[in-house]
Each structure stands twice: as structure tokens, then as C-alpha cells.
Amino acid sequence: MSNRTMTIYFDQVLVNIGNHFDLASSIFVAPRKGIYSFSFHVVKVYNRQTIQVSLMQNGYPVISAFAGDQDVTREAASNGVLLHMEREDKVHLKLERGNLMGGWKYSTFSGFLVFPL
């Protein structure tokens, strides 16, 4: 994670047809105008804390997910959305609050084109 931007960085890509997800920046760039599906699943590290993660489109939050049970050590937060995107629009995850469990086995991010326009 970046201390400055709180962008959530991923350490592995399982499928990246077209290379529209840049692993170094952890940003998905839309190759064309269309309707895209995005989902994410993140796991918090410690109990007695709350995490909040937002899916950002062009720097603005679109959806968020929270996990805040004070007695659970490894609690998950998930969300998903369909977005209308223009060519070159960017999507990434931002950690708004808390600490996440590291590694691709715990936190995931997925996006794909559903319908071109």
C-alpha cells in the first residue's frame, strides 16, 4: 500500500487478457467505452479495528465496503458494481481506513468488460 495515496497494490495477476490492469500501479484502464463489472474482496488484519475500502473511478469513490466487528480477527468486506466507462477511464481500490491482510490469497480485485458501447 502507498502511504501517500493509500492505493491497494496487488502482488499477483491471475488473468489479464489485453493487459489493461497495470500490476505496478494496480490500476485498471478501460480499453474502450462500455459497461464494466468490478468486484473486490478484502480481509482485515486485526480485531478492534474497522476497515473501509473504496472502489475509485477516475479518482472519485463509487462504492465502498466496511468490516468492523470488534471481536473478529480476520473479517472480510466485499462489494461489486457495474460501471459505465469511457475509453481510458481508470479504476483502482483505495484503503480509506484500517489494515489489510497481504497477499493475493486474501484480498482480490476483478474487472471486465460486460458490454461494449
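The lining of the largest pocket contains 14 nonpolar residues, seven polar residues and no charged ones. In this classification Ala, Val, Leu, Ile, Met, Phe, Trp, Tyr, Cys and Pro count as nonpolar, Asp, Glu, Lys and Arg as charged, and the others, Gly among them, as polar. The model is predicted: local features need pLDDT of at least 70, side-chain atom pairs count only at pLDDT 80 or more, and totals for chains, interfaces and linings use all residues. Residues are numbered from 1 along each chain as its sequence is written, and side-chain values use heavy atoms, with hydrogens and water left out.

The volume of the largest pocket is about 530 Å³. Of its 21 lining residues, Val15, Asn16, Phe109, Ser110 and Gly111 are the closest to its centre. Two or more lining residues come from each of β3 (34–43) and β8 (108–116). Strand β8 gives the largest share, six residues. A pocket here is an open set of points on a 1 Å grid over the protein atoms alone, where a 1.4 Å probe fits, with protein on both sides within 12 Å along at least five of seven lines; lining residues have an atom within 4 Å of a point. Grid points are joined across faces, edges and corners, and the volume is the space filled by probe spheres set on the points.

The protein has eight strands and zero helices. Strands are DSSP runs of E with at least two residues, helices runs of H or I with at least four, numbered from the N terminus. Of contacts (heavy atoms within 4.5 Å) between residues at least 6 apart in sequence, 70% join residues at least 24 apart. Of the 117 residues, 36% are buried, that is, under 20% relative accessible area with a 1.4 Å probe, protein chains only. The accessible surface comes to about 6,800 Å², by the Shrake-Rupley method with a 1.4 Å probe. Carbon and sulfur atoms account for 51% of this surface.

Ser26 sits in the loop between β1 (21–22) and β2 (27–29). Ser26 counts as buried because its relative accessibility is 1%. A polar atom of its side chain lies 3.0 Å from the backbone nitrogen of Phe10. Beyond four places in sequence, Ser26 touches Ile8, Tyr9, Phe10, Phe21, Val91 and His92.

Ala67 belongs to strand β5 (residues 60–67). Its relative accessibility is 1%, so Ala67 counts as buried. Leaving aside neighbours within four places in sequence, Ala67 contacts Lys44, Gln49, Thr50, Ile51, Glu75, Ala76 and Ala77.

Note on methods. Buried < 20%, exposed > 50% of the residue type's maximum accessible area, 1.4 Å probe, protein only. Polar contact = N/O pair within 3.5 Å; in protein donor to acceptor, adjacent residues only side chain to side chain.
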